[in-house]
Amino acid sequence: MNRHAPTHATTVLYDPPAAGAPEEPQAPAAAKRGPLRRLVSRFSVLGLIGLFIVVFWLAVAFIGPVVAPYKGGAVTSTEIFGSYGPAHWLGTDYLGRDMLSRILFGTQYTVGLALAATLLASGIGTFFGLIAAVSGRWVDEILSRLFDALISIPSKVLALVVIAAFGSSIPMLMMVAALAYIPGAFRISRSLAVNLMTLEYVQVARARGERLFYIARVEVLPNMIHPMLADFGLRFVFIVLLLSGLSFLGLGVQPPNADWGSLVRENIGGLAEGAPAVLMPAVAIATLTVGVNLLIDSLRRHGSRSHGGGK
Amino acid sequence: MNMIEVRGLRVVAGASPEPVVEIVKGVDFTVKKGEVLALIGESGSGKTTIALALLGHARSGCAIAAGSVKIGDTDILTLGVKARRALRARTVSYVAQSASAGFNPARTIMDQVIEPALLHKLMTLAAAREKAIALFRALALPEPDTIGERYPHQVSGGQLQRLMAAMALITDPAVVVFDEPTTALDVTTQIEVLAAFKRVIRELGTTAVYVSHDLAVVAQMADRIVVLNAGRVRENGATAQVLDAPADDYTRQLLAATRHPEAELAAPAGARETPLLQIRGLSAGYGRIDAHGVPAVRVLDDVSLCISRGGTLGVIGESGSGKTTLARVVAGLVDRARGEILLDGKPLPAKLSERTLDQYRRVQIVFQNADTALNPSRTIADILARPMNFYHGLCGAAAQKRMLELLDLVKLPASIAKRQPGGLSGGQKQRVNLARALAARPALILCDEVTSALDTVVGAAILDLLAELRRELGVSYMFISHDISTVRAICDDVIVLYAGRCVEAGQRDALSAPPYHPYTGLLVDSVPELRPGWLDSRRASTLTALPPLGAESDAPELCSFRSRCTARIDGTCNVVPPPLKKLPSGADILCHHSAADLVRIQTTETVAA
């Protein structure tokens, strides 16, 4: 309970203000600081690092192909598994292609595919989670059991089976990744929404005669969006790893195109000599996942603080 | 000799780049050895912050900025972290408001009660256990020898609060700080706990600081009262002086809010023909429904009531009596098992989905907890606009105008409309709640403990507002409360619920003098009076043991209060269901005693007091 929250002392407006109790204005002080300073103060140092990494990779996904020194698939050197050098900053791969260009071209597959798949998974999962929470017992029961059944299939095995059966293509990869992560999003959004449904403002809305759609859209969804965003970030990382894993097994993005996972697989032969061709895509995967995680952690901490004490 | 000496204490919240708020603004007071000092004030007055400062502790985000706190001869603010920890529980101990949150559910009570003594290596395990059992006995706990073997969930809330006091007292501390220890308890339980605290403080001669917002409670416990407001001491004096001759305006305001003036009975003129709301034989509950259509857990059992147009019905009972369920059934949020509800003489469907828009509009509900009753992500303007649009199709300028009218009606500034609920105080939120209900232009507002979570002064202001709205708009209320004095202040008719049964129904005046149902009697007697010594005299009168009761017949509808009734009759109460009786005051009660008997029983108690 926030009975003793210190701010109460300053927000008593209905009684004539007691003599000698000055009202401390708090809002203007926060508004005076510039937008950048506000952003900086919202995130911790680690959160800022995460934000920087994520923004960097998102930018690369868009402008990577434009700034890449060579064409993505072009064989540009006679040396295979070449080391760092002025012509090829990150060395060359097993066919003598420029590694920097390969990574820059691969970013759009990894980031773009994963982003689209995560949007699908979180969107669909949240939608069904809301439906299950606000409608009656039977709908909830059926949806929950259905997604329980889905969750019981290991996501990688499911992805392997589906792709083995239908062949690999970009839309197929996106759908498989989304399908594998919908049940998790459903579970989380349902449990959040069920908790919110018991709150009194939802009860008031029900007693007012509101339709379920209105309750879901206005009373429940805005209050669960913050944890769902944090979950979105986590899911994004899982999907990047799943797609990279699939590519590593040769079931992901097909040659000559390559996402970071396939780059690692292609160049696995260079591992013994410590070639940058195998190290750099792995580093890219690692930085993206670490960056997103740092960003989410700071988001989540911020969210839980704003939730605490009903503020 | 001064046991506690606080000089110029200042506590601030927030680190320096952020705006700093001063919570405690230079407080001085002293407590003599063996004295009980009460810190009283509204929430936000800094009373808990001061109490924690006595332990050398500031909550996270706060810091003790200046001043000195002397316990005995040591200034604890000059001590280091380690020395302060050694001091806590040994020299100064603390009893928190929520005992259930203060106990670890996975360990037995005894283990936790003796923990401070073992932690500070003050006594051996056996000696500590012995001491704990002696304390259990002194605190009037049932089965003192074995209660320590139980787990926290196996005892009641009032018992847990007393066990927490035992935990605080086990090390024979010089000072005990009680932080609102009875606020979360029912009135009847509160009295038992207070009596136990008072006795043990007196026996051990402990110096105590008692934090509370309730003047009547403080009047029973304290020798001196310090009145706080917004982090400053408003008044510091002996209990009798503060209560009888307050020197400060704020103290007078507080006293006025505690003594609810009784509103005049607004006799609804000629509106007797069709009552607004009529409930007949209502039963409701939770769990699986058996063959007779009765749910496994019955929360309401055969309740009938009637609210006239413009009238106000008070529903009183302890927690678990089914009063909130009653409101939820009327609002359609809980299904009913049996019985019918008539609104304006027409049946009100049990299921929400079968009600018409007009039926939705005419019944509005206002909940106890203002914090969770407003959607935190919408502005006040959005919250108030929705029912106007939904029921009356108002939007744009018309809605804006109506919203300003509503805010004015509940006495909130118009500037509040753009803010979100998080930026409002508890009292303001409750006013917004009321405004939202009024936006529908309802005929009946179900008020579920609307003032319970608020401070005395703020709660009194809300009660005044309710009375005023009723005069101006002619709305009816079903006013649910556990506090008999607030019900007296606003209601025309009253029903008393016990374990889902309506044990007494009558006009408000039926509560002012005996005879009443024995349970009503217990409730009336449990409301602390603003008179020092009231608790002692009351305790003397109610120490009578319960009359023995033999085996029970399996007749279904026995008196539900028989297990706690001091006037029960063996061979009658446990065998035959109580008949419905009419008292001279016009109230109907469910009891075996005749009116004359009840008058005799209840007035001898008062005379003894």
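Here are some friendly notes on chain B of this predicted model.

1. A word on conventions: residues are numbered from 1 along each chain as its sequence is written, while chains are lettered from A and ligands numbered from 1 in the order in which they are written. As the model is predicted, local features need pLDDT of at least 70 and side-chain atom pairs count only at pLDDT 80 or more, whereas totals for chains, interfaces and linings use all residues.

2. Chain B holds 21 helices and 22 strands (DSSP runs numbered from the N terminus: helices are H or I with at least four residues, strands are E with at least two). Its radius of gyration, taken over C-alpha atoms, is 26 Å, close to the 25 Å that the globule rule (2.2 Å times the number of residues to the power 0.38) gives for 609 residues, so chain B is as compact as a globular protein of that length. The C-alpha trace spans about 75 × 70 × 50 Å along its principal axes.

3. Of the 609 residues of chain B, 49% count as buried (20 or more other C-beta atoms within 10 Å of a residue's own, with C-beta atoms placed from the backbone).

4. Helix 19 of chain B, residues 518-526, is mostly covered, with 7 of its 9 residues buried. Among them are B:Pro518, B:Tyr519 and B:Leu522.

5. Where does B:Thr206 sit? You will find B:Thr206 in the loop between helix 8 (187-204) and strand 8 (207-212) of chain B. B:Thr206 counts as buried because it has 21 C-beta neighbours inside 10 Å.

Notes:
Buried ≥ 20, exposed ≤ 12 C-beta atoms within 10 Å, placed from the backbone.
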